[in-house]
Amino acid sequence: MASIQLMRRESAVVHEAMQDSPKSPEARLGMKVEDLWDVQEPQLTPTEKLNACFEGIPVSAFPPAPSSQVTEIKSDTSLAEAVRILAEHKILSAPVVDVDAPEDASWIDRYIGVVEFAGIIVWILHQSEPPSPRSQNSGTALEAAVNRVTNAASLGTLGPEDAAATSGNFFEALTSSEFYKNTKVRDIAGSFRWAPFLALQKSNSFLTMLLLLSSYKMKSIPVVDLGEAKIDNIITQSSVIHMLAECAGLQWFESWGTRKLSEIGLPLTAPDLIVKVYEEEPVLQAFKLMRKKRIGGVPIVDSSGRKVVGNISIRDVHFLLTAPEIYHDYRSITARNFSTAVEGYLKTHQEVSPFVRGMVICTKNYSIKELIMKLDSEKIHRVYVVDDAGNLEGVITLRDIISRLVHEPRGYFGDFFDGVLPLPSDSRV
């Protein structure tokens, strides 16, 4: 009881200090949660209280994303130009605006989907036509190379021998090809998950947004202004984690954030179920796994499969398209060679890229608060959990953390997903 009273006194001090001089819009949002927390029924569990608090706050209260993150790409933009725009704004994806849509179109007719780095690469490799069977010499070397990788990518696993398909100047030739320069963003619309995408309205609740980011595996969620028929904000997992970090010291956060990872069931994945790539496997295997499993990154492991020697994130895929010249000296682009090449490129150019971060580890003894602070300060999306011997025990992502903050009530979404295109039977949505 004494510890609870002490926590409340400390929270009151923090709350008063924030009222006098709020640190950020995220901190002010945390105070709204705190105010709702104080009036919840005492018999509710902490999780039930948080659910109720977040259900009472509309997504319109979430701080706006930087203007660069709400960048739109026109449907007649070439793949080459789309990659340049994404890289320039340091974003992974962007909504695509239909240039043929009428001025008074609704938002669902104005946008045709979302284009992303990973989607561009996968589409290029899968859409390239094989050489004519009537002539063994037909087609360019680029087409033959692309076809080789396409065939490999259709298999369950890419072996070390398939890494040679991306050797030398493969991606340099690809990015200078007419195929790459002339293909329009609208041409890859068939790879989009929703039509055009799943979006929130300003009146939707914070709880809905958090559940979509966690249970339904969305990387980011557009918030649509129905009046103007356009995207008003984009909420990402990273921005939610930053909001949580800014709420440190408030009672609702401390009651949850001071618990150990092991106490709240993290990490979620058993060691033998972790999706990973061996250092000698082709880097395309890593990106293929991320795309197939709908995850944001994979650890690079040594031959034993237990020791983590690196990390490849979906954010790193852009180096295949924006800096293809860095692979000149490599006979094959394996996961290890890819990481080495990117590190060398950044060092040579004296760059600190938000796309590439070193491997970060923790143990199960970390508190959820410590983990949030680490994720936010390092601007990373995942942490690898290791035991005392340094063996991989699990992976914790931003999505995992959010999933431990709230839960989905039975029948919560109702007909929310009506109107979106049907998805495969194995999809959760």
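**Entry 1. Terms and overall content**

I begin with the term on which the sheet entries rest: two strands pair if DSSP finds at least two bridges between them. I note that the model is a predicted one. I counted 17 helices and 12 strands in the protein chain. Of its 429 residues, 49% are buried. I then took the contacts between residues at least 6 apart in sequence and found that 66% of them join residues at least 24 apart.

**Entry 2**

Strand β11 covers residues 382–386 and is joined to β12 by five bridges, the two strands running antiparallel. I next examined the hairpin that β11 and β12 form, where five residues lie between the strands. Within this hairpin, G390 adopts a positive phi near 85°.

On the other pairing, I found β10 and β11 in the parallel sense, over two bridges. Here I361 stands opposite Y384 of β11.

Taken together, the three strands make an open sheet with mixed pairing, in the order β10-β11-β12. The edges are held by β10 (361–362) and β12; each has a single partner strand, so one side of each lacks a neighbour in the sheet.

I asked how many of the six residues of β12 are buried. Five are, and I list the strand (residues 392–397) as mostly covered. I also checked C362 and found it buried, because its relative accessible area is 3%, under the 20% limit. Helix α16 (residues 368–378) lies across β10, β11 and β12, and I noted that it runs at about 130° to β11.

**Entry 3. Helices α2 and α11**

I turned to the crossing of α2 with α11 (residues 237–246), whose axes come within 8 Å and cross at roughly 70°. That angle makes α2 roughly perpendicular to α11, because 65 to 115 degrees is the range for that class.

Which residues meet here? From α2 I listed E26, A27 and L29, and from α11 H242, M243 and E246. Sorted by class, this contact has three nonpolar, one polar and two charged residues.

I found α11 mostly covered, with eight of its 10 residues buried. Among these buried residues are M243 and E246, together with Q237, S239 and V240.

**Entry 4. Helix α3 and the cysteines**

In helix α3 (residues 46–55), I recorded K49, L50, N51, C53 and F54 as buried. I asked against which helices the buried residues of α3 pack. They pack against α2 (25–38), α10 (206–214) and α12 (251–257).

C53 counts as buried because its relative accessibility is 0%. I then searched for disulfides and found zero in the structure.

**Entry 5. D272**

I located D272 in the loop between α12 and β7 (277–278). Is D272 buried or exposed? D272 is exposed, because its relative accessible area is 66%, and the cut-off for that class is over 50%.

Finally, I compared D272 with R306: they are 34 residues apart in sequence, and their C-alpha atoms are 9.4 Å apart in space.

Definitions and conventions
Residues are numbered from 1 along each chain as its sequence is written. This is a predicted model: local features need pLDDT of at least 70, side-chain atom pairs count only at pLDDT 80 or more; totals for chains, interfaces and linings use all residues. Side-chain values use heavy atoms; hydrogens and water are left out. Buried means under 20% relative accessible area, exposed over 50%, partly exposed in between (1.4 Å probe, protein chains only). Helices (H or I, at least four residues) and strands (E, at least two) are DSSP runs, numbered from the N terminus. Contact means heavy atoms within 4.5 Å. Axes are lines fitted to C-alpha atoms, for helices over the stretch in contact, and angles run from 0 to 180 degrees between N-to-C directions. Angles under 35 degrees count as roughly parallel, over 145 as roughly antiparallel, 65 to 115 as roughly perpendicular and the rest as oblique. Ala, Val, Leu, Ile, Met, Phe, Trp, Tyr, Cys and Pro count as nonpolar, Asp, Glu, Lys and Arg as charged, and the others, Gly among them, as polar. A disulfide is a pair of cysteine sulfur atoms within 2.5 Å.
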